[in-house]
Amino acid sequence: MKGINDVNFAGKKVLVRVDFNVPVDENKKITDDTRIMEALPTINKLLKDGAAVILMAHFGRPKKGGFEPELSLKPVAEYLSGVLKKEVVFTQSIDFADIQALADKLQGGQVMMLENIRFYPEETKGDIELAKKLAALGDCYVNDAFGAAHREHSSTATIAQFFPNNKYFGLLMEHEIVNLKKLMTAPEKPFTAIIGGSKISSKIDVIKNLLPLVDNLIIGGGMSYTFAKANGKRIGRSICEDDKLQVALDLQEEAKKENVNLYLPVDILAGDGFSNDCNIKYFPEIDIPNEWEGMDAGEKTRQMFGEVILKSKTILWNGPVGVFEFENFAGGTNSIAKYIAQATDQGAFAAVGGGDSVSAIKKSGFADKISYISTGGGAMLEYLEGKTLPGIKAILD
Ligand code: AMP
C-alpha cells in the first residue's frame, strides 16, 4: 500500500484530491460535515510534516462549463478554515495563471483550495491537459477521495501519471481499501450480506459477485418484491421491476449452486399509500392484495434476519429493508442496525456502505458500533461488483 504515513512531506507541495461533495441547505449551510472531517487526518498529517497542502475537490454537477456561483466551493473552504483554525487560501479564480501564482507563493504549513474542479468540463473526461496543469501545481499527489474513486477523471486518476514516484493513498482511502479487501478476500465465516434498497437492477452485479463469497444472503426492502413476484406471490402495489423477474429467478438458482442460504421477507408491513401517515396493515405472509404496498419487514422477518446476523462473523450491509425515511416504516431497517451492532459486540466484523444504509445506521444510533462505514456509495458498490476502481489503479500502476 502506498500510504502517506511512511513518508515525510516536509518542504513539499502536496496536491490532495478530497471528497468535499457535502450536502448543503438553501443558504449554503453545510448540513453534514462528515466528508470534511474524514479528510482531516490526511490534511493534518501533511501539515504536521511541514508540507504545503493544495486541495482539489468537486461539488455538485456543474453543467455550464465555467464558474457557477451556486456551485462554488467557497463555503466549504470557509468551513474547513474554521475547523483547521487556520487560513485556507481559496483560489476564487479558475484561471490557471492565477492559480499557479498562488501555488508558487504557498509555504509549508499553509493550505490552499481550488475552486470546484468540475467547473472545467475536461475534468469528467479525464483530460490529460487539465491533469498536466493541475500536476504542475505540486510535487506530490495524494488521493483521499474514495467517494470519487470509481471515476476516471483528471483529478482522480489521470493526474497520477505525472507523479510516477510521488503518488500515494490518503489515510481515508487507505482505510477504505484495507477494510474492503478484508471483506472480499478471505472473510471470516459465516459471511452474511444484507442487500436492500429499492431496485434489484442496481444491485445485480454486486449480488452476483458476492454469491461465491458469502454463506448467507439476505434480500430485503423494495427489491424483495421482484423476487416475491417471480416466485408467484401476490405483491399488490409494491415496487417491482417486471423486466427483472427472470433475473430474480436466475439469482436464486445461482445461490443454490453456490450453496448460499438465501433469505427473503416472510411477512410485511404494508401501507395504502406511499407516505408516513397512510393506513398500515400487517400481512403475515407475502400475499398482498391490490390496494396495499409493501413498505417494511414484518416482525417474523426481522427475527429471522436477526438470527442469521447474530450467527455471522463477517457482515456486509447495503441498502435499507424498508422505506426507512418514514418513521412508521423504519422499524425493520433499525432492527438490522441493532442486530449488526449486537453481532459486532460479539466479535463480528461489520461493514456498512451505500448512502442510504449509512444514513439509516446513523439515524438508528448504532453507527459507532459498526466496524467500518464506507464513505463511498457508488465507489463501494463498484468495488463489491469486483471492478477495478480507476482512482485506486492510478496510484498502484
Ligand atoms: P437504493 O438507493 O437502491 O439503495 O434504495 C434506497 C431506497 O430504497 C430508500 O430510499 C428506501 O426508501 C427505498 N425502499 C426500501 N424499501 C422499499 C419499499 N418496500 N418500497 C419502496 N421503496 C423502498
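**Helix packing and backbone features in a predicted model**

Good morning. I begin with helix H1 (residues 34-49) and helix H2 (residues 74-84), which pack with their axes 11 Å apart and at an angle of about 60 degrees. That angle makes H1 oblique to H2, the term for angles that are not under 35 degrees (roughly parallel), over 145 (roughly antiparallel) or 65 to 115 (roughly perpendicular). Axes here are lines fitted to C-alpha atoms, for helices over the stretch in contact, and angles run from 0 to 180 degrees between N-to-C directions.

Before continuing, a word on the source. This is a predicted model, in which local features need pLDDT of at least 70 and side-chain atom pairs count only at pLDDT 80 or more, while totals for chains, interfaces and linings use all residues. Residues are numbered from 1 along each chain as its sequence is written, and side-chain values use heavy atoms, with hydrogens and water left out. Helices (H or I, at least four residues) and strands (E, at least two) are DSSP runs, numbered from the N terminus.

Which residues of H1 and H2 meet? From H1 they are Ile36, Met37, Leu40, Ile43 and Asn44, and from H2 they are Val76, Tyr79, Leu80, Val83 and Leu84, where contact means heavy atoms within 4.5 Å. The crossing of these two helices, H1 and H2, is right-handed, that is, the near helix is turned clockwise from the far one by less than a right angle.

A second pair is H5 and helix H12 (residues 377-384), whose axes cross at roughly 35 degrees and come within 11 Å. On the H5 side, Ile177, Leu180, Lys181, Leu183 and Met184 make the contact, and on the H12 side Met380, Tyr383 and Leu384 do. The crossing of H5 and H12 is also right-handed.

I turn now to the loops. Lys85 is not a glycine, yet it has a positive phi of about 60 degrees. Is Lys85 buried or exposed? Its relative accessibility is 74%, so Lys85 counts as exposed; the cut-offs are under 20% relative accessible area for buried, over 50% for exposed, and in between for partly exposed (1.4 Å probe, protein chains only).

Gln92, in the loop between E3 and helix H3 (96-105), has a positive phi of about 60 degrees as well, although it is not a glycine. With 43% relative accessibility, Gln92 counts as partly exposed.

Finally, Pro190 sits in the loop between helix H5 (171-184) and strand E7 (191-195). The peptide bond from Lys189 to Pro190 is cis, with omega near -5 degrees. Thank you.
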